[in-house]
Amino acid sequence: MALGCCLCLAGLLLGQLDLAQGLQLPEQLIVLRGDSLVVKPVLGSFPSQHFHLVAWKREKFGQQPVRILIHQSEGNITHLSQPFSNRAGFDTESFTLTLRNITAADSGEYQLTLTLPDGSEHSATTRVAVYEPLSEPWISADVSSLFCSVVAGSAPRFSWLLDGAPVSNHSYTISSDGRNLSLSPAHPHPAKLCGEFICSAHNEIETRTVSYSSQGPHCTVQDRHHLALLWILLIPVVMLAVGVCYCCFRRGPQPAPI
């Protein structure tokens, strides 16, 4: 009898350990303002019916925690808190939380707490960051530099393409934040911008691009293409000339006729 009780107790402890290890939430989620936040937990090997209570709440530094909802398995009853009642959704099988029309105020730590029938609790948290959508980027220019910027948007980063390829670090200098592109001292003359430039403003969840064409009599994209084509056409001619010279050299001088 004692052995049976010990085995039951060991099984219960192992089961709760498996739950504690199995309950997981993403470390961080990023969502655009106005979109929907969807937080889906990993429950481990326990079925959802095993839990007595399920609760979601949000915590922010310097503020009191706010309860979003609480779900009671007995009777399958879900209570939504008033601030979230019009835009929160809850899946009773997966315990997935959905919040629609996200605003900046929705950022913070979200905690899921599962309560077993014996009163023990298991929790997991995830950090939610709300990003402002990126505005359309724009480029300002002078003779030897370009500046790319956005009016609005969270954590923007910038990168450049020239004629569809990454900008050469040898001929151009890009600022540490990526916004400013300028000719480097090693750039061949004339010291003026030339070509089709594309600036990409991007963060973890979206990318926006803008293009800028720098053409002129000093060096147009068309001229450069023509120059490249000229070199391609000259290569066979040069190779033929080298071949003729080599043959003449191998044959040596011919004897004069008698």
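Guide: Begin with pairing: two strands pair if DSSP finds at least two bridges between them. Keep in mind that this is a predicted model. In it, six strands form an open sheet in the order 1-9-8-3-4-5, and the pairing is mixed. Strand 1 (28-32) and strand 5 are the edge strands, each pairing on one side only. On average, neighbouring strands of this sheet are turned by 20 degrees against each other, direction ignored.

Visitor: In which sense do strand 8 and strand 9 pair, and over how many bridges?

Guide: The pairing of strand 8 (residues 108-115) with strand 9 (residues 121-131) is antiparallel and runs over eight bridges.

Visitor: How many helices and strands does the chain have?

Guide: There are two helices and 17 strands. The chain has 258 residues, of which 34% count as buried. Among contacts in the chain with a separation of 6 or more, 53% are between residues 24 or more positions apart.

Visitor: How do I decide whether a residue is buried or exposed?

Guide: Buried means under 20% relative accessible area, exposed means over 50%, and partly exposed is in between. Phe84 has 2% relative accessibility, so Phe84 counts as buried.

Visitor: Where does Phe84 lie, and which residues does Phe84 touch?

Guide: Phe84 is in the loop between strand 5 (77-80) and strand 6 (88-90). Leaving out residues up to four places away in sequence, Phe84 touches Arg58, Val66, Arg67, Ile68, Leu99 and Asp106. Take Arg67 from that list: Phe84 and Arg67 are 17 residues apart in sequence, and their C-alpha atoms are 9.2 Å apart in space.

Visitor: What about His202: where is His202 found, and is His202 buried or exposed?

Guide: His202 is found in strand 16 (residues 195-202). With 19% relative accessibility, His202 counts as buried, because the cut-off is under 20%. Again leaving out residues up to four places away in sequence, His202 touches Leu134, Ala155, Pro156, Arg157, Phe158, Ser159 and Thr207.

Visitor: What is phi at Asp163, and is Asp163 buried or partly exposed?

Guide: Asp163 has a positive phi of about 55 degrees and is not a glycine either. The place of Asp163 is the loop between strand 12 (157-162) and strand 13 (165-166). Asp163 is partly exposed because its relative accessible area is 36%, which falls between the cut-offs of 20% and 50%.

Visitor: One last feature, the surface. Which residues make the nonpolar patch?

Guide: Trp138, Phe147 and Val151 make a nonpolar surface patch of about 310 Å². A residue needs over 30% relative accessible area to belong to a patch. Trp138, in strand 10 (residues 138-141), has a relative accessible area of 39% and is therefore partly exposed.

Technical notes: Residues numbered from 1 in each chain as written. Predicted model: local features only at pLDDT ≥ 70, side-chain atom pairs only at ≥ 80, totals over all residues. Heavy atoms only, no water. Helix = DSSP H or I, 4+ residues; strand = E, 2+ residues; numbered from the N terminus. Buried < 20%, exposed > 50% of the residue type's maximum accessible area, 1.4 Å probe, protein only. Contact = heavy atoms within 4.5 Å. Patch = residues over 30% accessible without salt bridge, like charges linked within 9 Å, V, L, I, M, F, W, Y side chains within 5 Å. Areas by Shrake-Rupley, 256 points an atom, 1.4 Å probe, with all protein chains shown as cover. Salt bridge = Lys/Arg side-chain N within 4 Å of Asp/Glu carboxyl O. Axes fitted to C-alpha atoms, helices over the stretch in contact; angles between N-to-C directions.
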